[in-house]
Amino acid sequence: PLFRSAEELAVRLGFDKNAADAAQQMIRLYELFVGTDATQVEINPLGETGDGQVFCFDAKVNFDDNAQFRQKDIFAMEDQSQTDPRELAASKHSLNYIGMDGNIGCLVNGAGLAMATMDIIQLHGGTPANFLDVGGGVNERQVFEAFHILSRDSQVRAIFVNIFGGIVNCATIANGVTKACRDIQLKIPLVVRLQGNNVDEAKAILQNSGLNIELAETMDDAAEKVVKGAGV
């Protein structure tokens, strides 16, 4: 049934003379997609030569990062020289990082909150330097490494930590932040907004740290403070 369906599709695509060959190519592409944990297999064009042979002339293939443990040979071929070193550093610690052009570093948990954080920074006249989602299962070491990544970015003039502690323990974030600040001797303004799980203990950790950390209660308040701190 699979081959028959592929052959019918090949005929509809115009492979009248060699529909069987085209159908076989399509089945192999499907097997490639499933067998390699691909997220995209784009063939453009799939064509026919003058003597009737069917070829994939160009292709773009992407693979699911979560399947790296299953596809070690494929991921071993990655040319890391083409990747932002900050993204490489983040991936080693299971952090989601994308560099941008602004001057306000962001450390947030959850992709949705990260997007909202970048939006509210822009609403108040600032520009985010990155997307950095530490995820729901973050630990102190990951927070520590995230701060190191942000601090290595020469364009960052202030840092905004925005955490909603649903799954995350806010005290874990606070401990990671204070340890990182001491280790890198942070000199730029740092604004922290924490809400949720164990928030009172977390705020006490930050307030008693002796570090120059500015707390904020709301996202608007935090955005105003960090944009001002960045000198915008």
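This is a predicted model: local features need pLDDT of at least 70, side-chain atom pairs count only at pLDDT 80 or more; totals for chains, interfaces and linings use all residues.
Two residues are said to be in contact when heavy atoms of theirs lie within 4.5 Å. Apart from its neighbours within four places in sequence, Asp153 is in contact with Arg86, Tyr97 and Ala129. Asp153 itself sits in the loop between α6 (140-151) and β8 (158-165). With a relative accessibility of 9%, Asp153 counts as buried, because the cut-off for that label is under 20% relative accessible area.

Charged pairs come next. Side chains of opposite charge can pair when their charged atoms come close. The side chains of Asp37 and Arg70 form a salt bridge with an N to O distance of 2.9 Å. Asp37 belongs to the loop between α2 (19-35) and β1 (38-43), while Arg70 belongs to the loop between β4 (59-63) and α3 (72-75), so this pair ties together parts that are 33 residues apart in sequence. Asp37 is buried, its relative accessible area being 18%.

A salt bridge also joins the side chains of Lys203 and Glu217, at 3.0 Å from N to O. Here Lys203 is part of helix α8 (residues 199-207), whereas Glu217 lies in the loop between β10 (213-216) and α9 (219-229); the pair therefore ties together parts that are 14 residues apart in sequence. The two partners fall into separate accessibility classes: Lys203 is buried at 16% relative accessibility, but Glu217 is partly exposed, with a relative accessible area of 46%.

Within helix α9, Lys225 and Asp221 are four residues apart, a separation of about one helical turn. These residues form a salt bridge in which the closest N and O atoms are 3.3 Å apart. Lys225 counts as partly exposed at 24% relative accessibility, and Asp221 is likewise partly exposed at 24%.

The cysteines complete the picture. A disulfide is a covalent bond between the sulfur atoms of two cysteines. A search of the whole structure turns up zero disulfides. For Cys170, the nearest cysteine sulfur is that of Cys181, 16 Å away, and Cys170 is in no disulfide. To count as a disulfide, a pair of cysteine sulfur atoms must be within 2.5 Å. Cys170 is buried, at 0% relative accessibility. Cys56, by contrast, is partly exposed, with a relative accessible area of 31%.

Conventions: Residues are numbered from 1 along each chain as its sequence is written. Side-chain values use heavy atoms; hydrogens and water are left out. A salt bridge is a side-chain nitrogen of Lys or Arg within 4 Å of a carboxyl oxygen of Asp or Glu. Helices (H or I, at least four residues) and strands (E, at least two) are DSSP runs, numbered from the N terminus. Buried means under 20% relative accessible area, exposed over 50%, partly exposed in between (1.4 Å probe, protein chains only).
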